[in-house]
Amino acid sequence: MRLRTTGTKRLGVLSAAVSAIALSACGAQVADADSESSSTSDSCVDTSGDTIAIGFLNSLSGTMAISEQTVHDSLQLAAAEINADGGVLGHELEIVTEDGQSDPAVFAERATKLITSDCVAAVFGGWTSASRQAMLPVFESNDSLLFYPVQYEGLEASPNIFYTGATTNQQIVPALDYMVEEGVESLFLVGSDYVFPRTANRIINAYAEEHGIEILGEEYAPLGHTDFSTIVNQVSAAGADAVFNTLNGDSNVAFFREYTNSGLSAEEMPVLSVSIAEEEIGGIGVENVEGQLTAWNYYQTVDSPENEAFVEAFQAEYGEDRVTSDPMEAAYTSLYLWRAMVEEAESFAVEDIQAVADGVTFDAPEGTVTVSGENQHIWKTSLIGRIGPDGLIYTEWTSGEPIEPDPFLEGYDWAADLS
Amino acid sequence: MDLLLPQLFAGLSLGSVLLLAALGLALTFGQMGVINMAHGEFMMAGAYTAFVTQALVGNAGVSLLVALPAGFLVGGVLGLILEATLIRRMYHRPLDTLLVTWGVALLLQQVARDVFGAPNVDVSVPTWLTGAVSIGGLALPKTRLFILAIAIVCVLALAVVLRSTSLGRRIRAVVQNRDLAEASGISSRATDRTTFFIGSGLAGIAGVAVTLLGSTGPNLGMSYIVDAFLVVVVGGIGHIKGTVIAAAALGLMQAFFEFSTTASIAKVLVFVVIIAFLQVRPQGLLVTRTRSLA
């Protein structure tokens, strides 16, 4: 195979492409900073007509579309149900949809557009912490409202964001409590290399120190990492009682396949995951995760009339083969909570909603949830689930009652050094 | 270090995955000089071929064996279409090719999203590939052994085709000196098409293979394309042997760096080594000089 050598020229082109990609990443940071300065505190929300505009801002393209499309679907369902039920304060909901494109800078830009040019009363969406943090200054400087439906790393409480997913003391801490109850004495931590897993693992380390759990290893894989043979070798060699998994997205597929193929199993060394819900199990393959544990606040199998109605309505709309998951339920709930707050305040104005938010409840599919006025999170029941052979998750353990949200873990002595 | 052997295997196995992803590129980028950013999406097409075959055949074991040649065909045909419609018009315009194929890549991803849905699909691993083979206390996952075998078979087959068939001679002739080859009566158009077909087909096979390891979704190609280009560039453009060595070296480096540091740091270290290496040898590991005017 002898060839002419134009190698260096081709390299030059390739490196030009690489630097173009790097440059566009830098652009993202600049856009973030800009959005902060565009402050217009006078709301342009129009409440005079028969309709009221609200914004749905999810990634419908790009790498996060896999997850965020499902949240978007359940938001649309909730909006259709509310409209069929007479709307909010007699106004029909008019949905303005924007695509966040899996890019925090786009989230910030589209949020600004929704607030200042579409004049929406509230925005629902966001998934990654990066997207939420990019939007936070936009909502604070424009004094508008964001409803964020995904469990996250806590340590935040913006008056302009309602967090309807779990904070750490409603998901990670109960998961650790469950493990202690089960007699787990050593843990191996595996996570994706970004803010949520790193923060979660700091909390886990603090908890472990307090409760005498030995952490035998802590490994991070870059987002989108596809080769887990080394990490699985390390997990296998460490021989911990259980694995605490904060991997996000596609990496879970590669991790669990490698885990199963190396002969490790749920009986021998269970893996407790905080980012795998019903939606992801199909892609991983049930045979690779059957019997493994998850920590959430909602499963499709939750036994309540509200959930039965939710699942039925969702599958009637989107197909019998679709599943419902925690973030979808949290998004669905967020729209109803907003309605409850608006009706309580008898106003769409942000300050009126903030004033009445404390104590507003909704009988959500996961059970009754209550808004905390102190930190804009909601009281949620923690559920540890086990993945069944049918790909659904079945509750194995429950906290029994809703847990008060504590995003800064102020109620836990061992967490004193964390925030 | 009692993990030396498992890590050695992990490295080689990662190397075999890299090799599969890069082998087709070594042909299209290395030999033809086409920067095809849609190469990863041909892998994705192969992966979805495995998914569709499994849905049609049912039995995971049989469908895998059907999917390998089917993936080759699907990848190859996509490559042919791309070559005939776009790339043919822009040989010797590498920047344009890069942008156009990047666009094609995004297009194919969206098509996959529309046809198969945004969530990942599950391609199950056949029962005869689940679990691990235990050799002297060393657990070698069967899927990884299988991929290693596919990679070896692909390299050998490619070597035989290039070395010992008239098609291979034509390919080499066109690559070495297009004008002289044409003057000797070789149709360079037909040869370009065939080369691109084989290169893209190999991407399809790689796609089928990686369904055994990771997720099958619209973004599958994105996770491999950069690594694949790195392997070809380090290996020396236009050299299959160099590609093989580079893939094994990068796989082993990643595995051992990852073991002694973390996965993220390992990626950085591998990049640092590659940059340093290319400073010393910008032409890559192996290069054959010819008299052709580049």
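How many bridges join strand β1 (residues 51–58) of chain A to strand β3 (residues 123–125) of chain A?

Modeller: Residues are numbered from 1 along each chain as its sequence is written, while chains are lettered from A and ligands numbered from 1 in the order in which they are written. This is a predicted model, in which local features need pLDDT of at least 70 and side-chain atom pairs count only at pLDDT 80 or more, whereas totals for chains, interfaces and linings use all residues.

Three bridges join β1 to β3 of chain A, and the two strands run parallel. Strands here are DSSP runs of E with at least two residues, helices are runs of H or I with at least four, and both are numbered from the N terminus. Two strands pair if DSSP finds at least two bridges between them. Within this pair, A:Leu57 stands opposite A:Gly125 in β3(A).

The pair belongs to an open sheet of five strands of chain A, in the order β2-β1-β3-β4-β5, with parallel pairing. At its edges are β2 (92–99) and β5 (161–163) of chain A, each of which pairs on one side only. From one strand to the next the twist averages 25°, with axes taken as lines fitted to C-alpha atoms and angles running from 0 to 180 degrees between N-to-C directions.

The domain assignment of chain A, automatic or from a database, gives domain 1 (51–148 + 304–365) and domain 2 (169–301 + 383–415). Their C-alpha centres lie 28 Å apart. Ten residues from domain 1 of chain A and nine residues from domain 2 of chain A take part in the contact, where contact requires C-beta atoms, placed from the backbone, within 7 Å. On the domain 1 side, helix α12 (residues 326–345) of chain A supplies the largest share, three residues.

Another helix of chain A, α11 (residues 305–318), holds A:Val311. A:Val311 has 18 other C-beta atoms within 10 Å and is therefore partly exposed; a residue is buried at 20 or more such atoms, exposed at 12 or fewer, and partly exposed in between, with C-beta atoms placed from the backbone. Leaving aside neighbours within four places in sequence, A:Val311 is in contact with A:Gln300 and A:Thr324. A:Val311 and A:Pro365 are 54 residues apart in sequence, yet their C-alpha atoms are 8.8 Å apart in space.

Definitions and conventions: Two residues are in contact if their C-beta atoms, placed from the backbone, lie within 7 Å.
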